Every structure is written in C-alpha cells, then in structure tokens.
Amino acid sequence: MRVWRGVGVLIAVVVLAGCAGGFVPDGSVSDDELSDPTADDYAFSDVSETVGLEYESISIGAINGNDGVYTTDYTNSLETDVLAIGGGGPVLFENRGGEFERADALPPINGTVQGALFFDHDNDGWEDLLLLRRGNTPIFLENDEGTFHERDVGFDESFVVPTSASAADVTGNGCADVFIVDYNDWLDEQPMGWHHYLNLTAPEDNGQPNALYTSDCTEFERATDAGIEGDGDHWSMATSIVDLTGNGHPDIHVANDFFEDELLTNQGDGTFEHAYLGEATDRNGMSSRAVDVTGDGHLEIFVTNIHFPRDRWADLPDTQRQLFVDFMNSRIGDRNQGNNLLVWTGDGFEDQGAARGLNESGWGWSGALEDFDSDGRIDIFHTTQFEARFEGGEPTFVEPMLFAQGDGEFHRLNASEVGLEELDERGASALDYDTSGSMDVAVAGNNARYRLYSNDAPQGNSLQVVVGGASDLEYTTLGTTVEATADGETQYRVRNAKADYQSQDTRTLHFGVGDATAVDELHVTWPDGTERTFDDVDTGQRLLVTPDGIETQRSYTADQQ
C-alpha cells in the first residue's frame, strides 16, 4: 500500500503551472515519502461466475454493439445492483450480500436497448430507469419501491444510436433534467471524419443531434431554445453534466467521435453557451468522466481516445502490420494522440493527458475513475477494443488499461500482472459489490462474457458515503458535493449521475484516506443549499447521509484487506 502524504498541495501548484506549458513535477516530494506505484500495489480477479453475475453479450449486427453495464441501488438496501445490456435483452441483477440473483423487477422490453440511465426523476428517493432504444423512443420505468413500471413521461422522439445519457438539474427548479447523446448508424453512413481528418468543419459533420429534456419532477419536455446546438450534428459518444466551470450551475461536456468535444456552459437560466474545445480534443472521444483527478478541488474531464505509438507498429506480426498501418494512416491519421485529461484553468480547459502519462490508450472505450488502493489519489481504468496484439513489449493493447496515480503523474501498469484479462470490451462500471471497502470494476465484453473484477489489492482505510435526502428536501440530490478531510488533506467528490459510454458507476462516494482511522470532518452540501458537517467519522464503513444526519451505518465486510 502506498501512503498519501502531502499530495494535495503539490497538485494545486502544478495545475496552475500547467497553464503555461503543461504539467511538470517539481520534485518537492522525496522518494522516501512517495514511491511510484507498481503492479505489486494492485490486484484484480474475475469473480463474475462465483458471485452469480453471469451474462454474455451477443452480436446485434452493428458497429460497436450495445454492450453495457450500469450500477444502482434500486432496492435502497445500501448494496449495489447491476444492470447488464447486450445479451439479447437487459437483465437486472439484485445484490444480496455480495452475491447476485437475476431479478424479476423489470417488465418485458421491446426493441434493442442501446443504453440506460438510472436517476430519481421525482425526488421520492428511488432511482428510476431510462432505457435508450436503438432506432426507437426511450422507455421510462418508474421505480415503485423495488419494482419498475413503464410510464409515459414525455420521451416521445426516436434516437438512432443513443449511446449515453446523463442527468442533473440544469434549470434550477430542483428536478433532474436529462441530456441524451445520439451517435449514428454506421450501417447507413460513415462519419465524414472517417474520410477527412483534422480539416473537417462542424457543418460538414453528419452525425445526429443531441437532446435536452427538462423536467418539472413529473414529466419531461424536449428543450428547443436552450442553446445546446453547435454548428453541426456530431457522432457523440458520451456526456457528463456537472458544474465544470465553477459558476454553480451544471454544465454539459460531450465527447465526440471524429470531431472536437463540446462544452455547454450553463448561463444560470436554463440556457447554455456552446463552444468547441479545440484541436486538442479533435480525436475519437469515447468516454466522459468528470472527477477531481488532480486533487485540487476542481473537476477535470477524462476522455478516452485512440493511441497506438508509431514506434510500436513494428511489433505487429508481419501478417497484420501493413493492414494496420494502412488503416491508421488513412482512417485515424493525426487523431492518434490518445486520452485527454481536460483541466480547468479558469479561462478554459487545457489538455494534460500526455503530460501526466495518460495518453497511451490503445483503442479506449469506457472509463472508471476511482481510488483503487484507497491511498487518497484517483486511479484510472478504461476498457479497450481488441484491435491488434503488439508483441515484444508493454502494453500489448489487448487488455484493459490501468493507470495508477503516483506523484501527480500516472503510471500505466501491466494489465496481465494485476489480473486483468484479454478481452474486447465496451462499458465499464466502478462499484464495491461486496461492501469490502475496495472499489471493484464490472466490464461489458463485446460478444463475450461479462467480467466482475474483484479488487484484491491491499487497501488503505476508507469511508463510503451514500447521499440521500431527496424526498425530505423535495429537491434532487444530483450535484451534492461532499468534502472529506483527514490528516489535514481534503478530498472533493460530487454526487453526479456518473454515467458514461454505455455504462454508469455507483453513486456511492469512496474516500480513501491511507493510514487515517477517521475522517476529521465530513462536509456535505446539497444542491438546495442545505449543509451538514460531521466530525470524527470512523473509517471502515458505508454511510447514508441526509440533511437529518447519518441515518444508516454499515461496517465493511470481513473480506476487507
């Protein structure tokens, strides 16, 4: 286990320095205080069959597929349930003490489900479910205390390939609004960027329009004058809705394939100012994760992309090399730059992905950003597409990517050495399925069996926080901020929808605190302005926190390491 000592101050300094030329470690942390992470610090094992999470996707005859995995607590049991999509129909797995059983809580669903979103639409404290259907209208399922019933609440327009959706209160009325991103169907047409790279203008793009639905906590209406439209329709993959600019209102980030990412800045009145994020994001954006990665108290945006280093192309077998080289040169071209880490500078976003060691991505898909060893620093996991095996070195680009955070930079670990398997993957979701205090990862295989990677690594101490109170406040809890201070260091988390490309993470907030045995101060701020502070909160437990106080406390299981 690596112990967190004084990292917060260091990162706050180097983020500011990044404005003038990228991240450069200043060497203020000595080797004795902080060592680089290695594969010895992390360990995962697939337990999907052991714990009953058995699901396998099948081909739907479409590019990219619909393989997804989503987490929720649909029974309000403080245990994390899993929804799997891609195997012929959605299956909801109920978590019963760390083991899963197929639930009968969903009604029959017609059509091909492409994506999903769990969120509480009416502030009754139960997460409802929106199913995004391919070439059809979404289906809204009301959660009636653990059983879902279909309701017509206004999602009346059809989408082509809706890969992602997210929710937040963008209008300020206390109700969760929904933003849906639509891709397009490769079977009907190919992206313009597939043929023209880096010189494509927005009006020339040929994707699909995205949609914002505003809510009065009962029904939804598609917004037509909110300013979310750019200069063209793009092949959008993923979205995040959370305050990204520090203005107190949820903004919208959109990751686009074959075009620049988009930022919709909330003006505070339900309208947005649209902007493209520039050449640094003109890649193949597939994931959108908003997390305080650097520890500076602000949210960064992590976006997966494509990157196969040119100096590794010679590692390919002779029978594959020329085909791969021709493909990369003609279709990906200069977009072969890898993952973005978009850091807010106060005037805009700066990409620090390469500077922090995150760009070597292979063919990236969904991301999961969590503190996987509970040392107080966010690590990054993302799925990859099995495009080609690179022999003779690491990575081989046929397993998921795991980047462990060390001295403000990230260190890519050998995936096979930490127990991650060779698999063509799409969606990924972080969760602590057995309440052991370590964050696990569920992975959706492409035409393959899904994996549940149990986190077996030695852990620092931690505290997990579930934010409640929507029914008491009659106000959404999406956007609640939680700050945990231990041994003088403060970590910042936001309870947002935590949705991504064909996936959704648990909304349980995990705070790793290293050797600390208590969180000295836990400060919670709900979106309506309600605040509570709790002192000397013991680690080793999962809490349900509401404006009335700590309502439920559950100790970690004996499996905690």
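## The disulfide

The link between C175 and C217 is left-handed, with -105° about the S-S bond. Their sulfur atoms sit 1.9 Å apart, and a disulfide here is a pair of cysteine sulfur atoms within 2.5 Å. The pair ties together distant parts of the chain, 42 residues apart. C175 is in the loop between strand 10 (164–168) and strand 11 (177–181), while C217 is in the loop between strand 12 (211–215) and strand 13 (220–222). As a reminder, a disulfide is a covalent bond between the sulfur atoms of two cysteines.

How many disulfides does the structure hold? The count is 1. Both C175 and C217 are buried, where buried means under 20% relative accessible area, exposed means over 50%, and partly exposed is in between (1.4 Å probe, protein chains only).

## What you are looking at

This is a predicted model, in which local features need pLDDT of at least 70, side-chain atom pairs count only at pLDDT 80 or more, and totals for chains, interfaces and linings use all residues. Residues are numbered from 1 along each chain as its sequence is written, and side-chain values use heavy atoms, with hydrogens and water left out.

## The overall picture

The protein's secondary structure comes to 3 helices and 40 strands. Helices (H or I, at least four residues) and strands (E, at least two) are DSSP runs, numbered from the N terminus. The radius of gyration is 22 Å, close to the 24 Å that the globule rule gives for 561 residues, so the protein is as compact as a globular protein of that length. That radius is taken over C-alpha atoms, and the globule rule is 2.2 Å times the number of residues to the power 0.38. Along its principal axes, the C-alpha trace spans about 60 × 60 × 50 Å.

Of the 561 residues, 64% count as buried. Take the contacts (heavy atoms within 4.5 Å) between residues at least 6 apart in sequence: 61% of them join residues at least 24 apart. The protein exposes about 19,200 Å², and carbon and sulfur atoms supply 41% of that area. Accessible areas come from the Shrake-Rupley method with a 1.4 Å probe; for residues, only the protein chains shown count as cover.

Two strands count as paired if DSSP finds at least two bridges between them. In general, strands of a sheet pair through backbone hydrogen bonds, either parallel or antiparallel.

Strand 24 (residues 362–370) is joined by 5 bridges to strand 25 (residues 379–384), and the two run antiparallel. Why is strand 24 largely enclosed by the rest of the structure? Because 9 of its 9 residues are buried.

## Loops worth a click

Two residues other than glycine have a positive phi. S374, with phi near 55°, is in the loop between strand 24 and strand 25. E145, with phi near 50°, lies in the loop between strand 8 (139–144) and strand 9 (147–151). Which of them is buried and which is exposed? S374 is buried, with a relative accessible area of 0%, whereas E145 counts as exposed at 61% relative accessibility.

There is also a cis peptide bond joining E394 and P395, with omega about -5°. P395 is found in the loop between strand 25 and strand 26 (401–405). Another proline, P108, is in the loop between strand 5 (99–102) and strand 6 (113–119), and counts as exposed at 75% relative accessibility. P108 and G227 are 119 residues apart in sequence and 37 Å apart in space, C-alpha to C-alpha.

In the model, the span of residues 478–543 is 0% helix and 65% strand, and its end C-alpha atoms lie 17 Å apart.
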